[in-house]
Amino acid sequence: MNKPEKRTGMNLITQTVTRWIAGPIVIYGIHILFTGHLAPGSGFDGGIIIACAFVLITLAFGAKFALGRMGKLLASKLSSLGALLFLTIALLGYAGCFFFRNFIQAASPAPPFQIFSAGTIVLSNVALGIMVGASFFMIFIILAVVRVITGKDGKLKMIQRGQDKKQEE
Amino acid sequence: MEILVTLSLIFMIIAALNALETKDLLASVVSLSAVGFGLAVVFLAMGAPDVAIVQVVVEVLTLIILIRATIRHDVTSFTEGTEFFSLLVGLVLLFVLFLFSLEAVRALPPLGTPVMDAVTSAPSHHYLEHGLRETGSANIVTAILLDYRAYDTLGGATVLFASVLGALAVLRSRPLKKKKKTDDE
């Protein structure tokens, strides 16, 4: 029988509680994001809460496990995707009159106090949430988990701290 | 409400002084986070829940990043104190700023009066009266942030994006030397 894998990260209690609670944290962040135009909150708040859930997973399970699932490049691609989505919503306002026009609300106004009521505000919240969440997760990864060095062929590489010689991106 | 704001400000000042003067690094970082939480209480007391949510969440994330990234396992306390002359200069500057701020606070209207009522052509009247009808959003802060002044939000998102790029660019370290060459070079 083969040896059990060495468990990285924190102790068993923290890992079990993290397994239970990381999902509800993401759902809570999505809730704050989608009801940003009805109750206090916005896309910024929801995005940061979602990033906090991923930071919790990274802290409890070790960086190798967490980044193996999610990847550093995935965070940067999501951040760029969110920023481009926000800019696209802004440019689509030209379909109305001017830059950033709330074209959905102007064309077919919906009754207020519903989830899909405020036109482009909901879409802007989603785009901002994706962008801010991915950016904050990238900041945490850059500052606390990863070192960036120049590799042998002159290109930049991201290497986890403590495994500089062996592990590569 | 003013009592809550005053108590929170006193708590923040005490926590900031503790963050400066304590020798243990972990206690210093936690005191900084206590300053942030006191500020969130002040925001709630002034009636700004959106700002309070952002303050609390960013404070938690900053605390995690500070602890994880800066506190290493071999440096746990900071034993170098401040010199006397720099302390004296700091106190003199603080006193001068205090005198100036007394004059400035005396000219402010009391807490809670709407300042923009004095100018009838201010845009805030238009936002408050026609905000729900024009944007369809019940939260007037989100309506202003994402519909009336969405250009400013685009600027803020650009700043966040650029700061992440800057962090990635600045934190590049020099290439590691090979372990075969020892220190006798």
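The model is a predicted one, in which local features need pLDDT of at least 70 and side-chain atom pairs count only at pLDDT 80 or more, while totals for chains, interfaces and linings use all residues. Residues are numbered from 1 along each chain as its sequence is written, chains are lettered from A and ligands numbered from 1 in the order in which they are written, and side-chain values use heavy atoms, with hydrogens and water left out.

Let us start with chain B. Seven helices and zero strands are found in chain B, where helices are DSSP runs of H or I with at least four residues, strands are runs of E with at least two, and numbering starts from the N terminus. Of the 185 residues in chain B, 23% are buried; buried means under 20% relative accessible area, exposed means over 50%, and partly exposed lies in between, with a 1.4 Å probe and protein chains only. The accessible surface of chain B is about 13400 Å², and carbon and sulfur atoms account for 70% of that surface. Such areas come from the Shrake-Rupley method with a 1.4 Å probe, and for residues only the protein chains shown count as cover. Taking contacts in chain B between residues at least 6 apart in sequence, 46% join residues at least 24 apart. Contact here means heavy atoms within 4.5 Å.

I now come to helix packing. Within chain B, helix α5 (residues 123–135) packs against helix α6 (residues 140–148) at an angle of about 75°, and their axes are 10 Å apart. The pair α5(B) and α6(B) is therefore roughly perpendicular, a label for angles of 65 to 115 degrees. Axes are lines fitted to C-alpha atoms, for helices over the stretch in contact, and angles run from 0 to 180 degrees between N-to-C directions.

Which helix of chain A packs with α6(B)? That partner is α6(A), at an angle of about 85° and with the axes 10 Å apart. This makes α6(A) roughly perpendicular to α6(B). On the chain A side the contact involves Ile121(A), Ser124(A), Asn125(A) and Leu128(A), and these meet Thr142(B), Ala143(B), Leu146(B) and Asp147(B).

Further along, Ser135(A) lies in helix α6 of chain A, residues 120–144. Is Ser135(A) buried or exposed? Ser135(A) counts as buried, because its relative accessibility is 0%. Leaving aside residues up to four places away in sequence, Ser135(A) touches Ser79(A), Leu160(B) and Val164(B).

Next, Ala40(B) sits in helix α2 (residues 25–45) of chain B. With a relative accessibility of 5%, Ala40(B) is also counted as buried. Ala52(B) is 12 residues from Ala40(B) in sequence, yet their C-alpha atoms are 4.9 Å apart.

Finally, how many salt bridges does the structure hold over all chains? There is one, with a salt bridge defined as a side-chain nitrogen of Lys or Arg within 4 Å of a carboxyl oxygen of Asp or Glu. Arg106(B) forms a salt bridge with Glu103(B), and their closest N and O atoms are 3.1 Å apart. Arg106(B) and Glu103(B) are separated by about one helical turn because they stand three residues apart in helix α4 (residues 84–106) of chain B. Arg106(B) counts as exposed, at 60% relative accessibility.

Note on methods:
Parallel < 35°, antiparallel > 145°, perpendicular 65-115°, else oblique.
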